[in-house]
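Dear colleague,

Please find the sequence and the structure below. My notes on what was found follow directly after them.

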Amino acid sequence: MSQEHSQSIESANTHHADDAHDHKPQGFSRWFYTTNHKDIGTLYLLFALLMLFTGGSMAMVIRAELFQPGLQFVDPHFFNQMTTVHGLVMVFGAIMPTFVGLANWMVPMMIGAPDMALPRMNNWSFWLLPCAFTILLSTLFMEGGAPAAGWTFYAPLSTTYSNDSTAFFVFAVHLMGISSIMGAMNIIVTIFNLRAPGMTWMKLPLFVWTWIITAFLLIAVMPVLAGVVTMVLTDKYFGTSFFNAAGGGDPVMFQHIFWFFGHPEVYIMILPAFGIISSIVPAFARKPLFGYESMVIATASIAFLSFIVWAHHMFTTGMPVAAELFFMYTTMLIAVPTGVKVFNWVATMWRGAMTFETPMMFAIAFIVLFTIGGLSGLMLAITPADFQYQDTYFVVAHFHYVLVTGALFGIIAGVYFWIPKWTGVMYSERLGQCHFWCSLISVNMLFFPMHFVGLAGMPRRIPDYALQFADMNAFISIGGFLFGLSQLLFVWVVFRCIRRKGEKATAQVWEGAEGLEWQVPSPAPYHTFQTPPEIKSGH
Amino acid sequence: MKRYWLLLNNKCNWIFILLVWSAGAIANAPAGSAYNMTRGATELSHKVYNLHMVIFYICCVIGAIVFGLMFWSIIHHRKAKGATPAQFHGSLKIEILWTAIPVLILIAMAIPASKTLIAMEDASKADMTILVTGSQWKWHYKYMEYPIEFYSLLSTPRDQIENNAAKDDLYLRDVDKPLVLPTGKKIRFLVTADDVIHSWWVPDFAIKKDANPGFINETWAKIENPGIYRGQCAELCGKDHGFMPIVVDVKTPEAFDQWVAEQIAEQEKAKAAEAARGLMTKEELMELGKTIYDTRCAVCHQSGGEGLPGAFPALKGSVIATKDKPAHIHMVLFGKPATAMQAFGKQLTAAELAAVITYERNAWGNDTGDLVQISEINAALSAGE
C-alpha cells in the first residue's frame with residue numbers, strides 16, 4: 001500500500017520539481033532515510049491510520065461479543081486482551097502519532113521554518129513506532145496471548161498474575177516513550193529556534209501554542225510511564241516488591257504513579273485538537289478568533305491543573321478523605337479553563353459569516369460532543385457520585401466522547417482542512433459530508449446509550465452482562481459497526497486525494513484561512529521557507 | 001419581547017428544549033430504571049442520587065444555553081444568508097464574566113458534595129463488622145461478631161453462559177450463598193483481597209470500595225428496608241471478572257438473629273456428619289468431585305482439564321495429576337504462592353477436597369485409579385505447609 005502511494009506522491013512531486021534542492025532517493029530508501037518534515041509527517045499520519053483500523057477492528061470484536069448476553073465469539077481471556085490492546089493501540093498508536101504527524105507537517109509551515117530543527121532524530125522517532133507496535137501486536141499470536149490487564153495494567157494483575165507478554169509490552173512501551181519524548185523535544189526546539197523573524201510568541205497560531213504546551217507535558221510525564229513499566233518488569237521478573245504488599249510494597253502506589261502519567265496524557269491527546277479547532281472555526285466564520293490571549297492562558301492552565309488531579313481516577317481505592325476533597329476540588333476547577341475555550345469558540349462563530357464545509361462540520365460536532373464529554377467529566381468529579389460511576393459504562397461513555405468525538409473528530413477536521421495543502425487537490429465535498437453525517441449519527445448511537453447502561457449499573461471490561469442491559473447493548477453494537485464502516489469512507493476520501501483525484505486546490509484553499517501555511521502553493525513544495533517569510537502585523 | 005418569541009420560534013431551540021425535557025423524564029423514571037442511577041436503600045445513597053441529579057440538571061442547563069447560542073449563530077450568521085462578518089476579537093469584561101460564573105456554580109456544587117463525602121467516609125461507631133475478601137473470582141464474607149464465614153460464588157450454570165440453555169431472569173446476578181445483613185444497624189465493611197485488586201460494589205448502598213491485596217479499606221451502610229440487593233465486582237481482576245456478582249439479603253433484626261442461629265446449628269451438624277463419614281466409594285468421590293471441579297476449578301483449568309496454554313496449566317495428562325499424589329494434594333490444599341492457584345484447604349470441606357483430587361486423578365484419561373480419602377486430607381492439613 002505505502003509503495004503504491006509513495007509512487008504517486010513522487011510522480012506528483014516531479015511535476016512540481018521546480019525547486020533545485022529537491023534531491024531525494026526513490027522508493028523505499030526515500031521513506032526510510034527521509035529527514036524531510038513533510039515526508040515524516042506523512043509517514044506518521046499513514047501509520048496512525050493503519051493503527052486506527054487495527055485498534056478499531058479490536059473494538060469491533062468487543063462490540064460483536066457484547067451484541068448479546070452470553071459468550072458467543074471469544075472467551076473472556078481473549079476479550080480482556082482485546083480491551084487492553086484496543087486501548088493501547090488507540091492511545092499510543094493512533095491518536096498520539098497523528099498529532100505528531102500533524103505537527104511535523106504544519107508547525108514548520110506555520111512558523112515559517114524550513115524544516116524541523118532536528119531532522120535525523122525526527123526520522124528515528126518515527127521509525128521506532130512500527131518496531132514498538134510490531135512487538136506489542138506480536139504478543140497476540142503467542143502462547144497465553146497479549147497483555148490482558150487493561151490498558152491501565154494495574155498491579156498485581158499485570159505483575160504476579162500476568163503472563164509473559166508483560167516483558168514484550170514493557171519493551172514496546174519503552175520504545176513508544178522514547179519516540180514520543182524525541183518527537184516532543186524536536187517540536188520544542190523547532191518552535192523556540194526556527195520561528196521566522198517577526199513571528200513573536202503572541203502571533204503564533206494556536207495549533208503551535210497548544211503543541212508546545214503538549215510537548216512539555218510529554219517530556220514531563222513519559223519518563224514517569226517508563227518508570228512505572230520498569231517497576232512492573234522488575235516486580236514480575238527480578239523479585240522486587242514495588243507493588244506487592246507481601247514484600248512491603250503497595251499496589252495502590254502503582255495507580256498513583258500510573259495516573260500521574262495518565263492524567264496529563266489525557267490532555268496530551270486533546271490540547272492539539274483544541275489547536276486544530278481554533279484554526280478551523282475562525283477560517284469558516286471569516287472572523288478572527290475570539291480571545292486569543294485567553295485561549296493561550298486557558299491552555300496553559302489546563303496543562304498546569306493536569307498535574308494535580310490524577311487521583312480522581314482512584315476515588316474508590318480508599319484514600320484519606322482530605323485527599324478525596326483536594327482532588328475533587330482541583331478536578332472541578334478544570335471545568336473553568338475548558339469552559340473558557342468553548343465559550344471563545346462560540347463567540348468566534350457569533351456574528352461571523354459561516355460556511356459549512358466538512359472541516360467546519362467536524363469542528364462544530366467537536367465543540368458540541370466534546371462539551372458533552374466535558375460535562376460528564378464534571379459529573380465524575382463529584383466524588384460521592386463518582387463512587388457510583390467509577391468503572392462503569394458511564395466512564396466509558398465519558399472518555400470516548402472526549403477521545404473519539406473530541407480528539408479523533410478534531411484530527412479528522414484537521415485532515416479535511418489541510419489535505420488540499422498536502423496533496424494539492426480538494427477532497428470530494430460530497431463524500432466528506434457523507435462521511436460526516438454517517439460518523440455523527442453512528443458515533444452517538446455508539447456512545448450516548450453507554451451513559452445510561454453505566455448509570456443503570458453495567459461495569460466496564462466485562463465480556464458478558466445481565467439481561468436488563470441486552471437491548472441497549474445490541475443498539476450500541478449496531479452503532480459501533482456503523483461507525484467502523486463509516487471510517488472506510490474517510491479512507492476513500494483520503495486516498496482519492498493522495499492519487500490526485502479532485503479539483504486542483506489554490507494556495508489559499510479556504511476563503512477565510514489565515515496564516516503562513518496558506519501562502520505557499522498547494523501542494524506545498526518539498527522544501528518551504530528556505531528564506532524566512534515576512535510576517536505582517538496581527539495574529 | 002420579540003427576541004424571546006424568536007427564541008421559541010426557532011426549530012433548533014425547540015429540539016434542545018425537548019432534549020432537556022426528555023433527559024429529565026428519563027432521570028425521573030421509577031427506581032431500578034434501566035436508564036439511571038438507583039436511588040438506593042440507604043440515606044447516603046439517596047443523597048448521592050440527589051447530587052447526581054442536581055449536577056446532571058446543571059449540565060443540561062449549561063449545555064442548552066451554550067449549544068442554543070451556538071445553533072442560533074449557525075442559523076442566523078451564515079454566509080448563505082448574506083451575513084457579513086463582524087471583526088471583534090475579544091472583550092475582557094465578558095472573559096471575566098464567563099470565568100467567574102462557572103466558579104460560582106462549582107462552589108455551589110462543592111459544598112453539598114463535600115458534606116456527603118465526609119459522612120460517607122465516617123465508618124466509626126458501627127454496630128457490626130463484616131470482613132469482605134475478594135479473590136479470583138469469588139467473594140468471601142466473615143462476620144466478625146459471629147462464628148460465621150463463607151464463600152459466595154456465581155450460581156448461573158455454565159450452560160446458560162455458553163448459550164446451551166435459556167437464560168433465567170437472574171442471569172449472572174445470583175450467587176449460591178448471599179451475604180445476610182440486618183436492617184437499621186450501622187454495618188462496617190472491611191474490604192480486602194487475597195490476590196489481585198477487586199472492587200466491592202453494591203449500587204443500592206452507594207458503596208464501591210476497592211479490595212486491595214495486603215491492605216484493608218473500610219466503608220459502611222445502614223440499610224432501611226429488607227430486600228435483596230445486587231451488585232458485582234467493579235475492578236478488572238482477570239479472566240472471570242465479569243462473573244463475580246454480589247448478593248446481599250437484608251432481613252429484619254429478628255429474622256437476622258434467627259438466620260445466625262440456624263447457620264451455627266447447621267455448621268455443627270455438617271462438621272459432625274463429616275467426622276462420622278468413613279471411607280467413600282469411587283462413585284461417590286467421582287460424582288462429588290465433578291461438581292466441585294466444575295464450579296471451582298474449571299474456570300481456569302477448563303472443564304476438559306486442558307487448561308489455557310500460556311495462562312493456566314493443563315491437568316489432563318500432567319505430571320502432578322498422574323504421578324506424584326502427595327504433591328497433588330499439597331498443591332490443592334495450599335496453592336502455589338504468587339500464582340492464580342489458590343489454597344483450597346480453607347475453602348472446601350475434607351470430603352470435597354478428597355473428591356476433587358480423586359476426580360482430577362481419574363477423569364479425562366488420567367486413569368491412575370488412585371482414590372483420596374478424607375483421612376488423607378485431614379492428615380495433610382494437620383501436617384501443614
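Is Asp391(A) buried or exposed? The model is a predicted one, and in it Asp391(A) has a relative accessibility of 5%, so this residue counts as buried. Asp391(A) is located in the loop that links helix H14 (383–389) to helix H15 (393–423) of chain A. Although Asp391(A) is not a glycine, its phi is positive, at about 60°.

Arg351(A) also deserves a mention. This residue, not a glycine either, has a positive phi of about 60°. Arg351(A) sits in the loop between H12 and helix H13 (358–381) of chain A. Its relative accessibility is 45%, and Arg351(A) therefore counts as partly exposed.

Two cis peptide bonds should be noted. One joins Ala155(A) and Pro156(A), with omega at about 0°; Pro156(A) belongs to the loop between helix H5 (119–138) and helix H6 (165–193) of chain A. Another joins Ser522(A) and Pro523(A), with omega at about -5°, and Pro523(A) is part of the segment after H17 of chain A.

I turn now to the helix pairs. In chain A, the axes of helix H3 (residues 37–65) and helix H4 (residues 76–111) come within 7 Å and cross at roughly 155°. An angle over 145 degrees counts as roughly antiparallel, and H3(A) and H4(A) are therefore roughly antiparallel to each other. The crossing of H3(A) past H4(A) is left-handed. Their contact comprises 23 nonpolar, twelve polar and two charged residues.

Also in chain A, helix H16 (residues 429–455) and helix H17 (residues 470–498) have axes that come within 8 Å and cross at roughly 155°. H16(A) and H17(A) are therefore roughly antiparallel to each other. H16(A) passes H17(A) in a left-handed crossing, and the residues of this contact are 20 nonpolar, eight polar and one charged.

Finally, helix H10 (residues 292–305) of chain A has 14 residues, which at 1.5 Å a residue should span 20 Å; the C-alpha atoms at its ends are 20 Å apart, in agreement with this. The buried residues of H10(A) include Tyr292(A), Met295(A), Val296(A), Ile302(A) and Leu305(A). Within chain A, the buried residues of H10(A) pack against helix H7 (206–237), helix H8 (251–268), helix H9 (271–285), helix H11 (321–333) and helix H12 (335–349). They also pack against helix H4 (92–120) of chain B.

With kind regards

How values were computed: Residues numbered from 1 in each chain as written. Chains lettered and ligands numbered in written order. Predicted model: local features only at pLDDT ≥ 70, side-chain atom pairs only at ≥ 80, totals over all residues. Heavy atoms only, no water. Axes fitted to C-alpha atoms, helices over the stretch in contact; angles between N-to-C directions. Helix = DSSP H or I, 4+ residues; strand = E, 2+ residues; numbered from the N terminus. Parallel < 35°, antiparallel > 145°, perpendicular 65-115°, else oblique. Left-handed = near helix turned anticlockwise from the far one by under 90°. Nonpolar A, V, L, I, M, F, W, Y, C, P; charged D, E, K, R; others polar. Expected span 1.5 Å × (residues − 1). Buried < 20%, exposed > 50% of the residue type's maximum accessible area, 1.4 Å probe, protein only. Contact = heavy atoms within 4.5 Å.
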